[in-house]
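The sequence and the structure come first.

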Amino acid sequence: MEPGLRTGAPGADKKILRVLAGETLDPPPVWMMRQAGRYLPEYRAIRATAKSFIDFCYTPALAAEATLQPIRRFGFDAAILFSDILVVPDAFGQPVSFETGEGPRLDPIETPEGLSRLAGRIDLGRLAPVFETIRLVKADLPAETTFLGFCGAPWTVASYMIAGRGTPDQGPARLFAYRHPEAFQRLIDRLVAGSIDYLCAQLEAGVDAVQIFDSWSGVLPGQEFRRWCFEPVRAIAAGVRARHPEARIIAFPRAANPHLAAVAALAEIDCVGLDTSADLAAVARDVQPLKPVQGNLDPLALLAGGAALDAAVREIRAKLRGRPYVFNLGHGITPPTPIAHVERMLELVREAR
Ligand code: 1CP
């Protein structure tokens, strides 16, 4: 690499960065959401050595190893930092734990007064192990592999902070936002500022691009989506770019199909993640002309394998191939997925046409 060239600058041959910059590649580059995880025996082996999931996230040697495992096995075009979106509440003073098989647990924020338990600013010191993980991964990552950092979008993170756990429809946070819009706005604003600091620190530690996961954006009606998802994600992207003008940013507004083109039109966003429900003909017509997209194989087609998997991969390639896209799943891979199905998916994605 030329001296002074930032990793991730156009000179580095990282296919995903090329697509994010607007280049069409066929075959497309590929990675998978939750690619480090329980479907991998080598993940289960190292996971068993940590006391808890949060300890695992905060132990750089283990988190770096988990990040690299799927790259070694499959040669994906991106590695995604092994961590969780809920380290952000932890760094605001709302501790998080993960009960085995039951998902995250936080002490819920049930009233506006409950917000006073949170720190005014994110404590990046608490997240030092995450930045150390990034440095360890970077030292071992192949030069052609794009390294992705991430955070949760404020709405999605806030929904866990309010409910204290995962819920089917984020009802507690939606009610809180209707009943106490000013207090909720203050929480969102704090998460916007904290997420900007957090993503900038990830970029400074060495990730090439970042993804903002808004996993629960699909439960909000239009006006609420604008206020609690669209505007905060735009503000984060703008804040990151103000400090890192070259930063590449992927937004993943899950299950928010009516809003995909509006997100793609944001100058601060380089790529829009598509979930399983996206209509690819509409995406090719209305979204791809604005920005590269990423997605959207159904994790259950991957689990099923066989003819269903072959057809689903071929359909995505056929519909999106004319313009820039990154092949991915529409949501995270499920633990029972056979490794042979991932191998078959990669064979089909990488096939010359
Ligand atoms: O080993 C285990 O049992 C823990 C399972 C697990 C894993 C592997 C959790 C708990 N988080 C993770 C890692 C994780 N989470 C990554 C790592 C990188 C990779 O993709 O390989 C990332 C990017 C996340 C992001 C995340 N965490 C999201 C956004 C993406 C999505 O899936 O929608 C969300 C919503 C979470 C919260 C969370 N963390 C873990 C669980 C089980 C959940 C969902 C809780 C719920 O709603 O019930």
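In this predicted model, Trp 155, Ser 159, Ile 162 and Ala 163 of helix H7 meet Pro 172, Ala 173, Arg 174 and Phe 176 of helix H8. By class, the residues of this contact comprise 6 nonpolar, 1 polar and 1 charged. The two helices, H7 spanning residues 154-163 and H8 spanning residues 171-179, pack at an angle of about 95 degrees with their axes 8 Å apart, which makes H7 roughly perpendicular to H8.

The loop between H7 and H8 holds Gln 170, whose phi is positive, at about 55 degrees, although this residue is not a glycine. Arg 34, found in the loop between H1 and H2, also has a positive phi, near 60 degrees. Are these residues buried or exposed? Gln 170 is buried, with a relative accessible area of 0%, whereas Arg 34 counts as exposed at 58% relative accessibility.

Most residues other than glycine have a negative phi, and most peptide bonds are trans. The following peptide bonds are cis.

| Cis peptide bond | Omega |
|---|---|
| Asp 26 and Pro 27 | about 5 degrees |
| Gly 295 and Asn 296 | about -15 degrees |

Pro 27 belongs to the loop between helix H1 (15-20) and helix H2 (41-47), while Asn 296 is part of strand S8, residues 293-297.

Arg 254 sits in the loop between strand S6 (248-253) and helix H11 (260-264). Although buried, Arg 254 has no salt bridge, and the nearest side chain of opposite charge, that of Asp 275, is 5.3 Å away. Leaving aside neighbours within four places in sequence, the contacts of Arg 254 are Asp 214, Ser 215, Ser 217, Gly 218, Asp 275 and His 331.

Key. Residues are numbered from 1 along each chain as its sequence is written. This is a predicted model: local features need pLDDT of at least 70, side-chain atom pairs count only at pLDDT 80 or more; totals for chains, interfaces and linings use all residues. Side-chain values use heavy atoms; hydrogens and water are left out. Helices (H or I, at least four residues) and strands (E, at least two) are DSSP runs, numbered from the N terminus. Buried means under 20% relative accessible area, exposed over 50%, partly exposed in between (1.4 Å probe, protein chains only). Lys and Arg count as positive and Asp and Glu as negative; His and the chain ends are not counted. A salt bridge is a side-chain nitrogen of Lys or Arg within 4 Å of a carboxyl oxygen of Asp or Glu. Contact means heavy atoms within 4.5 Å. Axes are lines fitted to C-alpha atoms, for helices over the stretch in contact, and angles run from 0 to 180 degrees between N-to-C directions. Angles under 35 degrees count as roughly parallel, over 145 as roughly antiparallel, 65 to 115 as roughly perpendicular and the rest as oblique. Ala, Val, Leu, Ile, Met, Phe, Trp, Tyr, Cys and Pro count as nonpolar, Asp, Glu, Lys and Arg as charged, and the others, Gly among them, as polar.
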